[in-house]
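Reader: I am new to this structure. Could you go through the terms used for it and the grounds for each?

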Amino acid sequence: MSLRVSLAAVRTYDALKRRPGARPRQSDARDTALIKDVERRITQFAHEYQINGQQAMGDSLYVFWSEVEREINAGRFDDLLDRL
């Protein structure tokens, strides 16, 4: 399933909150600055061809969730856990 990068960033944030070492949720609020950092990293992965990205009309970038999830499981976002 392909997702717009902004939605993939929110899903990544939620997935990171479930990883070992992340602080437990205090509320349903999300850190928007951290989500923007995650979005930039996903975009970078797509531009560096580490994950497949598809540019759509309106300059939106779409990525495959399975590939983003693979990067999460590989620990490519674990440096952000202390900011969660």
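Predicted model: local features only at pLDDT ≥ 70, side-chain atom pairs only at ≥ 80, totals over all residues.

Reader: What makes H1 and H3 a packed pair, and which residues make the contact?

Author: Contact means heavy atoms within 4.5 Å. On the H1 side the contact is made by Ala8, Arg11, Thr12, Ala15 and Leu16, and on the H3 side by Trp65, Val68 and Ile72. Helix H1 covers residues 5-17 and helix H3 residues 65-73; their axes lie 11 Å apart, at an angle of about 35°. The crossing of H1 over H3 is right-handed.

Reader: How many residues of the contact of H1 with H3 are nonpolar, polar and charged?

Author: Six are nonpolar, one is polar and one is charged.

Reader: How do you know that E1 and E3 pair?

Author: Pairing needs at least two bridges. Three bridges join E1 to strand E3 (residues 61-64), so the two count as paired. E1 and E3 run antiparallel. Serine 2 stands opposite phenylalanine 64 in E3.

Reader: Why are E1 and E2 said to stand at the edges of the sheet?

Author: The open sheet has three strands in the order E1-E3-E2, with antiparallel pairing. Strand E1 (2-4) and strand E2 (53-55) each have a single partner strand, so one side of each has no neighbour in the sheet. On average, neighbouring strands are turned by 30° against each other, direction ignored.

Terms used:
Residues numbered from 1 in each chain as written. Heavy atoms only, no water. Axes fitted to C-alpha atoms, helices over the stretch in contact; angles between N-to-C directions. Helix = DSSP H or I, 4+ residues; strand = E, 2+ residues; numbered from the N terminus. Left-handed = near helix turned anticlockwise from the far one by under 90°. Nonpolar A, V, L, I, M, F, W, Y, C, P; charged D, E, K, R; others polar.
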